[in-house]
Amino acid sequence: MEVLISLTAKVAEYTVAPIGRQANHLLSYKGNFKELADRVNELEAERVTTNRSIEHERRNMREIKPNVIKWLEEVNEIIEKANQLQRDPRCAKVGCSVRSFPNLILRHQLSRKATKITQEVVQVLNKGKFDQVGYLNALDSAAFSNSFSTRGGVMFETRELFKEEIVKALEDSNACSIGIYGLGGVGKTYLVKEVAQIAKQHKLFDAVVIANISKTPDIGRIQGEIADQLDLSFGKETITGRAYLLRQRIKAEKTILVILDDMWPSFELEKAGIPLVDKHTTRILDKQNAKQNVEQNVKQNVCKLLITSRNKDVLLEKETQEEFTFRLDLLSEAETWRLFQYMAGEKVNDTRLQNVATQVAQKCAGLPLVIVTVARGLKNKDIYAWKDALRQLESVGHAEMDAIAYSALELSYKWLASDEMKALFLLFASLPDIDIEYLLNVVVGLDIFKDINTVDDARNKLYTIIESLKASCLLSEGNSSGVVQMNNFVRDVAISIARRDHHVFQRERPDELKEWPTKDFLKRCPHIILNGCHIHELPQRLDCPNVKFFFLINENPSLEIPDIFFEGMGSLRVLDLTHLNLSSLPTSFRSLTNLQTLSLDQCTLENMDAIGALKNLEILRLWKSSMIKLPKEIRNLTKIRLLDLSHSGIEVIPPNIISSLSKLEELYMGNTSIKWEDENSAKQNVNASLAELGQLSKLTALELQIREAWILPRDLKLMFEKLQRYKIAIGDVWEWAEIENGTLKTLMLKLGTNIHIEHGIKALIKGVESLYLDEVD
């Protein structure tokens, strides 16, 4: 009986069930096609979402994962396959009508095909659940080399042999910490950059990272440079917390080369999160585990350090192995002349110049940095400039190589074409790795450029001079967009000139400011720059009648500004106070009647009444500052040309403040939550309306986030027709990060139905470089 039941079930399995499925294809034809259409719609919606995520990732310079690209290809194929079936003209022959009987065979085939494609759509849909669609590609270590590309197309035998020695040391299992030392300007940075490239190309390590240390190391910056190259995102803010994560990330690599360029005694590897290499322990492990590793084909976890410094003792103090510590010597005389000739051009072979050119090249003493700067500086000069350069180089003793380099760089500084270029060169040295747009605010405030009418004109001139300084080798090319970079040795020379000739007072992290300069020095001082150094207490008052630029980045959360601190700074033109808790602005602000640029970035701001006295203020930055309401006193600042409220906590802008700033040229309010009012509202408005922007006849640059589209004015034409640079997000779905790295002209819209500004939107998007449009009805 059991055998009969089992046999009957088997027969049913192979007969009844298939018959039922085939009948279902006939009876559920419409349902199967509707199911297909619904699933295709779901897949198309998922494709839109994924494409938007991809655009966001690409705008943030992230690579797209290969499986995401492959999935999109599958999506496109299956959607096209479904669309072809739905458009199949034979579908019209399978329906019932009075005149004709449906083609049951064709009906069955199409319905079955729809079911099959639906199953494929569902499979593809299920594969499209991605936690992330992009990843940050490990940055090329060469991007972090703040170096001079000194060689051009010239080969140097001594350098090639030296590189071979370093590469051999990297391949030696006994070498754990390798050192390179030599004079400033001898080419250490450029050399380790090339070594890093060789190590990567020949896959000597699983990972190669490089970071610049400098005389005044910024641990946070150094940690960030290494983390970026390892695709590590810090979830912690403290130096200690980041050090732990970085240490663990470095140890996670089977083999890694960490290059630390321009090491100084003050830098602590462990504090930054760079593991110390115990050469004795490593050697023991090598001997004990060598056979096991060969048999199992397993790499050991190896971290090697390659460190450069101007001083051998610094390297030994950092426990580099003396047998793997190498001195980088000067270029030979023949190499010096080849490089000099390459940089200065064929003019050096002119019979009138050849003799003096040869002597000038010899005086460069084989230092690539000196050779490049002197040769490029003299490239288009006449014979008199060449002879004067020779005279100045001859005045330096041959034993003082650093003095020779200093003298040569000072010559390059003196050769700069204008006082504006000289002033900017010294300013860049005083504010290392600073964003160009921030520097623009300082330049405008100090009135460095004469006969400049607009902020944008000043911006154009600033970028032009930066390119000229790069061409003179006084600035590094660098790959950091929007940031000025300078070789450390060049910067040291520039700071020395600024202190000696211009009495600039400067302190940087990790310096501790215990004593202020003498009263006589402060009376002559034009710039006071306190860049993150440790200050326990400020004097009650500083008498600096000639100071024009006061810069303070605070590292002490309890630091307070005395109420009369600025009373002796009547000539002050640029004031930067960063990371301060300013519950009330000092009353001495009222005496700063010549102030043109005020930057209160990342400050906690409450009572700002004193700001109304700054009648000559042209630039006001409150970037990332904590504040709720824009003070009404700002309406008195009628000379304001640039106002930056971006990334601040501001929510309320009282009516008629923005419109009163009639000279405003640039307004930045990205990533803010301002509660704009409807201009047609009958109630008394607490906040400004966007219509006020239309009254700013000189406005040419705007960054703006509008979360509620309905409050847009009906006529946008007047508001936007003069804009030359803008980034605007309309709608509550956009994150500012999606637009921040976009082009100069970017508009992002997400509008609901029945929006009454169709013609205004059309006027707005005219001339847009990048338009991201979503659900505009």
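**Reading the features**

Mentor: Let us begin with a group of aromatic rings: Phe550, Phe565, Phe566 and Phe589 are joined into a cluster by ring pairs. Please keep in mind throughout that this is a predicted model.

Trainee: How many aromatic pairs does the structure hold?

Mentor: The structure holds 11 aromatic pairs. One of them is formed by Tyr438 and Phe551, whose rings are edge-to-face, with 6.4 Å centre to centre and 70° between the planes. Planes over 60 degrees apart count as edge-to-face. Tyr438 lies in helix 19 (residues 436-446) and Phe551 in strand 10 (residues 549-553), so this pair ties together parts that are 113 residues apart in sequence.

Trainee: Are Tyr438 and Phe551 buried or exposed?

Mentor: Tyr438 and Phe551 are both buried. Another edge-to-face pair consists of Phe550 and Phe566, at 6.0 Å centre to centre and with 85° between the planes. Here too distant parts of the chain are linked: Phe550 belongs to strand 10, whereas Phe566 is found in the loop between strand 10 and strand 11 (574-578), 16 residues apart. Phe550 and Phe566 are buried as well.

Trainee: Which residue lies over the face of Tyr413?

Mentor: That residue is Lys422, at 6.0 Å from the centre of the Tyr413 ring.

Trainee: Let us turn to the cysteines. How many disulfides does a search of the whole structure find?

Mentor: The search finds 0 disulfides. For Cys176, the nearest cysteine sulfur is that of Cys303, 9.6 Å away, and Cys176 is in no disulfide. Cys176 is also buried, with a relative accessible area of 4%. Cys544 is likewise in no disulfide; its nearest cysteine sulfur belongs to Cys525 and is 6.2 Å away. The relative accessible area of Cys544 is 0%, so this residue is buried.

Trainee: What is the general idea behind a salt bridge, and how many are counted here?

Mentor: Side chains of opposite charge can pair when their charged atoms come close. In this structure the count comes to 29 salt bridges. One of them joins the side chains of Arg391 and Asp388, at 2.9 Å from N to O. Both residues lie in helix 16 (residues 383-394), where Arg391 and Asp388 are 3 residues apart, about one turn of the helix. Asp388 has a relative accessible area of 29%, so it counts as partly exposed.

Trainee: Where do Glu467 and Lys470 lie?

Mentor: They lie in helix 20 (residues 455-471), 3 residues apart, which is about one turn of the helix. Glu467 is partly exposed, at 45% relative accessibility, whereas Lys470 is buried, at 17%. The cut-off explains the labels, because buried means under 20% relative accessible area.

Trainee: Which residue does Asp543 meet in a salt bridge?

Mentor: Asp543 meets Arg541, and the distance from N to O is 2.7 Å. Asp543 is partly exposed, with a relative accessible area of 40%. Arg541 is partly exposed too, with a value of 37%. Salt bridges can also be read as a group: Glu437, Asp456, Arg459 and Glu666 are linked in a network.

How values were computed: Residues are numbered from 1 along each chain as its sequence is written. This is a predicted model: local features need pLDDT of at least 70, side-chain atom pairs count only at pLDDT 80 or more; totals for chains, interfaces and linings use all residues. Side-chain values use heavy atoms; hydrogens and water are left out. Rings of Phe, Tyr and Trp (its six-membered ring) pair if their centres lie within 6.5 Å; planes under 30 degrees apart count as stacked, over 60 as edge-to-face and the rest as tilted. Helices (H or I, at least four residues) and strands (E, at least two) are DSSP runs, numbered from the N terminus. Buried means under 20% relative accessible area, exposed over 50%, partly exposed in between (1.4 Å probe, protein chains only). A charge sits over a ring if NZ of Lys or CZ of Arg is within 6 Å of the ring centre and within 35 degrees of the ring normal. A disulfide is a pair of cysteine sulfur atoms within 2.5 Å. A salt bridge is a side-chain nitrogen of Lys or Arg within 4 Å of a carboxyl oxygen of Asp or Glu.
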